[in-house]
Amino acid sequence: MGPFMSPFNNLLCMLLGISFTVWFTLLLVFIIVPAIFGLSFGIRSLYMKTLLKVFKWATVRMERGAKENNHLLYKHYSLNGIIAKEPTSLEEELKEIRRNGSSRELDGSASTTTGPSPSSSEFEMSDTFYFCRRGIECIVDDEVTKRFTAEELESWNLLTRSNYNFQHISTRLTVLWGLGVVIRYGFLLPLRLTLAITGVSLLVVFTTMIGFLPNGRLKYFLSEKVHLMCYRICVRALTAIITYHHSENKPKNGGICVANHTSPIDVIILASDGCYAMVGQIHGGLMGLIQKSMVKACPHIWFERSEVKDRHLVAKRLSDHVKDKSKLPILIFPEGTCVNNTSVMMFKKGSFEIGSTVYPVAIKYDPRFGEAFWNSSKFGMVNYLLRMMSSWAIVCSVWYLPPMSRQEGEDAMQFANRVKAAIARQGGLVDLLWDGGLKREKVKDTFKEEQQKLYSKILVGTQEDRSRS
């Protein structure tokens, strides 16, 4: 049997060799080389347009079948809330409650027929109705929790993870879904894994080599080119289709770039269009190896675990960095956690206390092609990256907003809120005052105390006004 198997083995080895040669040649010609020079053949755009046509046909077919079978296709759910809330103040609502349920009002204008009304600064039991109602509203329509859950699409993108209400309607749709599984896991996933490994490997090797060069213009030039090349390869590993707007506002050296945060790939999305100094905690394993190699070629800012909570140390290192106008702009995500790309949550004020020019950036993902949001309490990093690489594509828009500086008389928190509002407005996101840390922590006592102080201020303020009159 040996003589007969030998030709077969040789043929098999030859075919495998040819396959790998063709595979890597195509990668080199159509992906890696264009990434080096920042070019695109328009293949991804054509791919996106084709997908949209397929999704549209599949959705129309699903809706028709669901109507015929009287099957619920969509959940009637809105991220803007299931309770209609009027934008009224605490004082106005208390006045309305007292007007409807009591003879006493906050302004003391109402009186009873038996004599003068008691002081409006006295506590009245009906005031508790306001706080009870607001508490129940927050339980029923929680503004915070739903920002950490991926939204279901009102269309079908041939991914069962995007809408669990879609069920078998026709054989043609089932065959189309099965074909999509084969394409995503049999072709796209291996291709993307190859590109990701290539991009990360080149980043580690080249930045380590550049690290041996003396500091100077040549080192910074090569570092910039290598970072851009490797990040662009990683972007192609996600089949990311990115549209950048207002490039004239791109962050400049000595500044701080702040952006809303949806996913760990936000870094790759921004860094594929410009170089930044990263800020983060030192890790072990593969991530630690990447960090050590990157910092050799570029002055990134890494902190030890024990240093992260030292606000003064963090602020000093950031301040020292931005004072050197030859260093790259710092990239920071002030929310401190990933939000599901429907809103922007409270910005931590630390990066706004430094006094440097801030360059706001708004990032908005298109969930029709793949959900970019990382729900870290549900999926680990490896599982999340696998879901990303097995999606159809990652499509997003990036807006570079005009630089902003802290105004006279404006504190760091007010500056942070102004920047956050600008990002939310440009990205079409909901501007929330809540801290994103609430997804893992209990509500701070300061939030409760604010409501108590506001209520006390209304009562005491009303009493003072009546005393003057």
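**Helix α9 and beyond**

Mentor: In this predicted model, helix α9 has Val314, Leu318, Ser319, His321 and Val322 as its buried residues.

Trainee: Which side of α9 are they on, the same one or opposite ones?
Mentor: The same side of α9, because they cover an arc of only 160° around the axis.

Trainee: What covers the buried residues of α9?
Mentor: The cover includes strands β2, β3 (277-281), β4 (301-303) and β5 (330-332).

Trainee: And which exposed residues sit on the face turned away?
Mentor: That face of α9 carries His312, Lys316 and Lys323.

Trainee: How many residues does α9 have, by the way?
Mentor: Helix α9 runs over residues 311-323, so to speak 13 residues. From first C-alpha to last it reaches 18 Å, close to the 18 Å expected at 1.5 Å a residue.

Trainee: New topic: where does His261 lie?
Mentor: You'll find His261 in the loop between β2 (256-259) and α7 (266-271).

Trainee: Buried or exposed?
Mentor: His261 counts as buried, because its relative accessibility is 13%, and the cut-off for buried is under 20%.

Trainee: What does the side chain of His261 join up with?
Mentor: The side chain of Asp266, through a polar contact of 2.8 Å. Leaving aside residues up to four places away in sequence, His261 touches Asp266, Phe333, Glu335, Thr337, Cys338 and Val339.

Trainee: Last one: at what angle do α6 and α8 cross?
Mentor: Roughly 145°, with the axes of α6 (residues 217-236) and α8 (residues 285-297) coming within 9 Å. Lys219, Ser223, His227 and Tyr231 of α6 make the contact with Met294, Lys296 and Ala297 of α8.

Technical notes. Residues numbered from 1 in each chain as written. Predicted model: local features only at pLDDT ≥ 70, side-chain atom pairs only at ≥ 80, totals over all residues. Heavy atoms only, no water. Helix = DSSP H or I, 4+ residues; strand = E, 2+ residues; numbered from the N terminus. Buried < 20%, exposed > 50% of the residue type's maximum accessible area, 1.4 Å probe, protein only. Polar contact = N/O pair within 3.5 Å; in protein donor to acceptor, adjacent residues only side chain to side chain. Contact = heavy atoms within 4.5 Å. Axes fitted to C-alpha atoms, helices over the stretch in contact; angles between N-to-C directions. Expected span 1.5 Å × (residues − 1). Arc of directions from axis to C-beta.
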